2 protein chains.
Amino acid sequence: MNDETKKPSTEPYRGVRDFYPEDMVVQRYIQDTWSKVAESFGFHRYDASLLEPAELYRAKSSEEIVNDQTYTFRDRGDREVTLRPEMTPTVARMVAQRRRELAFPLRWYSIPNLFRYERAQRGRLREHWQLNCDIFGSHDVAADVEIIHLASSILTAFGAKDTDFEIRINDRATLFGEISKKIKDGGSTAEALKLLDSKAKISAEQYAQTESELFHTPLSLSPDVNSGVHTVLHELSKRGVTTASYDPSIVRGFTYYTGMVFEIFDTNPENRRSLLGGGRYDNLTGLFGGDPIPAVGFGMGDVTMRDFLETHSLLPATGIRGPVVYIVNDDTKTTHDAARIATTIRARGISAASNVSDKKLGDQLKLAERAGAGFALILSESDDTHFELKRLSDRTVTKVSLEECIATLLSELQ
Amino acid sequence: MNDETKKPSTEPYRGVRDFYPEDMVVQRYIQDTWSKVAESFGFHRYDASLLEPAELYRAKSSEEIVNDQTYTFRDRGDREVTLRPEMTPTVARMVAQRRRELAFPLRWYSIPNLFRYERAQRGRLREHWQLNCDIFGSHDVAADVEIIHLASSILTAFGAKDTDFEIRINDRATLFGEISKKIKDGGSTAEALKLLDSKAKISAEQYAQTESELFHTPLSLSPDVNSGVHTVLHELSKRGVTTASYDPSIVRGFTYYTGMVFEIFDTNPENRRSLLGGGRYDNLTGLFGGDPIPAVGFGMGDVTMRDFLETHSLLPATGIRGPVVYIVNDDTKTTHDAARIATTIRARGISAASNVSDKKLGDQLKLAERAGAGFALILSESDDTHFELKRLSDRTVTKVSLEECIATLLSELQ
């Protein structure tokens with residue numbers, strides 16, 4: 001243990017993040033806003049373990065995906081376990097398990113951490129947090145509208161303007177019809193979806209080449225809005241969401257989507273990235289047996305969210321918030337004196353920390369500032385009944401009794 | 001995929017829990033209370049990934065512990081990764097990494113999920129959540145008192161009475177002195193600690209037998225309180241914590257404790273279990289190089305906490321809380337009508353869900369109750385400007401305009 005060569009690193013595992021208190025402030029701000037808006041739409045929070053039987057993903061994915069893109073290992077009972085790469089299979093499993101007891105339609109949300117297992121690359125994270133919102137038990141297009149409206153409301157709750165993002169909507173049902181009409185014998189729908197999803201990333205020649213290999217005649221991704229998407233757009237605008245449009249090129253990666261699919265993009269010309277996406281998946285619960293329960297939902301990641309907020313200067317400039325008051329003492333008083341005063345103040349509902357060090361008074365005051373305290377209460381020999389109360393924002397000092405101090409702090413809290 | 005034999009199970013992975021919304025209410029109540037009390041003591045929240053390099057635990061544990069009691073596997077970069085079995089090595093790593101930038105003493109807390117890898121047994125969980133509170137950077141006994149006071153304040157914040165739990169304190173420094181004086185050549189301190197920790201669980205004969213193998217003369221665990229523990233007890237009582245006592249049999253399992261150790265026990269005669277424990281570990285950060293930073297802290301698990309609250313009838317009887325109002329409609333109105341009214345109400349700061357199903361009105365009202373809504377607003381053909389507002393707790397109905405409805409709901413929120 002004293003062998004220098006065995007000293008463990010202070011770095012976190014490659015591709016994951018440490019959250020120091022100042023990072024945690026941002027993380028909590030993002031997650032609390034997600035939570036607040038989801039609950040304003042009547043969504044209930046659920047959660048689950050990140051450990052799932054690997055078979056949960058095998059059922060809907062190829063062996064290759066489970067092995068190459070997830071953390072999957074065997075436990076000592078020889079069961080294959082996966083660190084969840086997405087939340088949808090988990091929530092479908094939970095809903096399927098209690099399908100007889102639950103009152104549908106459900107409005108459920110969760111903020112799980114998700115894992116992807118890839119070779120570490122700079123900037124590619126192996127763990128991130130994602131808001132997941134889903135409505136289970138409704139075929140109604142109103143559920144599609146509700147989900148998109150919720151996603152859009154979350155962005156505006158962070159202070160985003162309508163012009164900061166655009167919502168693009170498609171319907172896979174139409175797409176599947178078009179594909180099945182034109183695909184060559186033996187061609188796979190998955191291949192066709194993959195081609196469409198890559199359209200913006202490959203050259204027109206490459207696209208045309210692959211298209212002619214897969215299809216009899218070129219796909220005509222209709223510029224005409226289909227009637228389901230039309231209703232979604234119309235109802236969104238009635239709710240004040242006017243930045244949505246039909247986009248036949250929106251396909252989404254996951255194979256389980258069955259109908260409406262959507263993505264929201266940043267309109268920043270330097271960063272037109274997809275902020276979030278989702279859609280309708282009416283068959284997923286059917287995997288577990290019984291009639292499938294219709295579902296529509298979306299997922300939104302913390303890293304993308306934070307980038308968006310930073311790009312648009314929407315992150316509030318709050319540092320760490322500490323206790324309302326930090327009790328400090330000069331060397332004529334003890335840490336126990338400070339602690340007892342803190343206890344008295346805390347009993348009145350005011351958060352309070354006290355010095356537990358042998359630092360000089362000046363250093364204690366610096367610590368109180370660094371800790372984000374609002375005030376420092378200074379105990380010194382000069383007076384046992386009155387103390388200096390220092391407001392740390394402007395460093396003004398007033399002489400107060402303990403009761404006056406408490407009154408000042410309480411009025412500050414209102 | 002349609003092969004019946006390949007149907008995935010709806011059960012979670014063995015030994016972990018799904019949190020349905022009603023479970024999540026309890027989980028959030030526990031975690032929010034933890035968080036609130038820790039912050040009232042000026043503690044800042046941090047977090048980290050549950051994935052850690054396995055070497056982090058090797059440094060302080062035997063190879064056997066890392067392999068047998070943790071989830072450890074190799075990633076494709078051939079690095080050994082562990083799902084954290086406890087938080088202390090992680091927080092020590094984080095503090096060590098920024099030791100030059102951080103303002104000490106730190107008051108830090110976290111609520112991580114932890115994993116232990118053992119053969120699944122009924123009732124033994126492989127994942128649980130644990131509150132961790134630590135003070136870094138103080139040798140002062142006031143930090144020891146603060147940590148125990150915080151732990152005790154958390155129990156009373158849940159409504160526990162002083163008589164519901166007892167705090168037992170020891171000092172390992174005294175113990176190590178006693179052990180080193182009396183241990184036979186070649187005897188290990190770890191073995192001695194293990195024996196002492198098992199004292200209550202084994203027979204007097206077994207204890208005496210092993211003791212005589214390990215020591216020249218029987219250990220005399222002094223009934224006299226040592227001076228450090230004496231100060232802790234004295235200062236706790238000055239803060240109103242009178243249920244603490246010296247207990248020379250408190251040893252704690254982790255090897256890293258260097259001084260004060262404590263546990264809090266349930267006083268329920270049928271369930272005298274340890275609720276939480278902690279202590280001083282002044283050398284752990286030294287593992288990473290540089291001078292060690294003194295530290296004292298404790299951990300408290302969610303499962304034990306919930307058991308304690310249930311045993312003492314301290315869990316509030318709140319079911320799931322839904323939106324303030326659920327907008328329902330008869331078959332003369334559409335889901336879109338309901339959604340638009342919900343949007344108007346939500347814009348006034350009131351949480352609102354709306355019907356997205358083709359259920360009959362009566363079933364929609366049942367759903368609103370099941371979802372934990374406070375009110376249902378009923379849209380029907382009979383009147384386009386006035387609606388029935390049903391208070392779901394007593395099923396009283398009033399006829400209101402939309403503005404009157406909003407006024408009623410807003411007054412309800414105050």
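B:Cys405 is buried, its relative accessible area being 0%; buried denotes under 20% relative accessible area, exposed over 50%, and partly exposed the range in between, with a 1.4 Å probe and protein chains only. A:Cys133 is likewise buried, at 0%. With a disulfide defined as a pair of cysteine sulfur atoms within 2.5 Å, the count over all chains is zero.

The model is predicted, so that local features need pLDDT of at least 70 and side-chain atom pairs count only at pLDDT 80 or more, whereas totals for chains, interfaces and linings use all residues. Residues are numbered from 1 along each chain as its sequence is written, chains are lettered from A and ligands numbered from 1 in the order in which they are written, and side-chain values use heavy atoms, with hydrogens and water left out.

**Helix packing in chain A**

Two packed helices are described by the angle between their axes and the distance between the axes. In chain A, the axes of helix α5 (residues 141–157) and helix α9 (residues 227–238) come within 9 Å and cross at roughly 50°. This makes α5(A) oblique to α9(A). Axes are lines fitted to C-alpha atoms, for helices over the stretch in contact, and angles run from 0 to 180 degrees between N-to-C directions. Angles under 35 degrees count as roughly parallel, over 145 as roughly antiparallel, 65 to 115 as roughly perpendicular, and the rest as oblique. Helices (H or I, at least four residues) and strands (E, at least two) are DSSP runs numbered from the N terminus.

On the α5(A) side, the contact involves A:Val141, A:Asp144, A:Val145, A:Ile148 and A:His149; these meet A:Gly228, A:Thr231, A:Val232, A:Glu235 and A:Leu236 of α9(A). Contact means heavy atoms within 4.5 Å.

**A buried lysine in chain B**

B:Lys333 occupies the loop between β14 (325–329) and α11 (335–346) of chain B. B:Lys333 is buried, with a relative accessible area of 17%. Leaving aside residues up to four places away in sequence, B:Lys333 touches B:Leu379, B:Ser380, B:Glu381 and B:Asp384.

**Backbone geometry**

Most residues other than glycine have a negative phi, and most peptide bonds are trans. The following table lists departures from this pattern.

| Site | Feature | Value |
|---|---|---|
| A:Phe104 to A:Pro105 | cis peptide bond | omega near -5° |
| B:Phe104 to B:Pro105 | cis peptide bond | omega about -5° |
| A:Asp78 | positive phi | about 65° |
| A:Ser313 | positive phi | about 50° |

A:Pro105 is placed in the loop between α4 (88–97) and β6 (106–110) of chain A. A:Ser313, in the loop between α10 (302–311) and β14 (325–329) of chain A, is exposed, with a relative accessible area of 66%.
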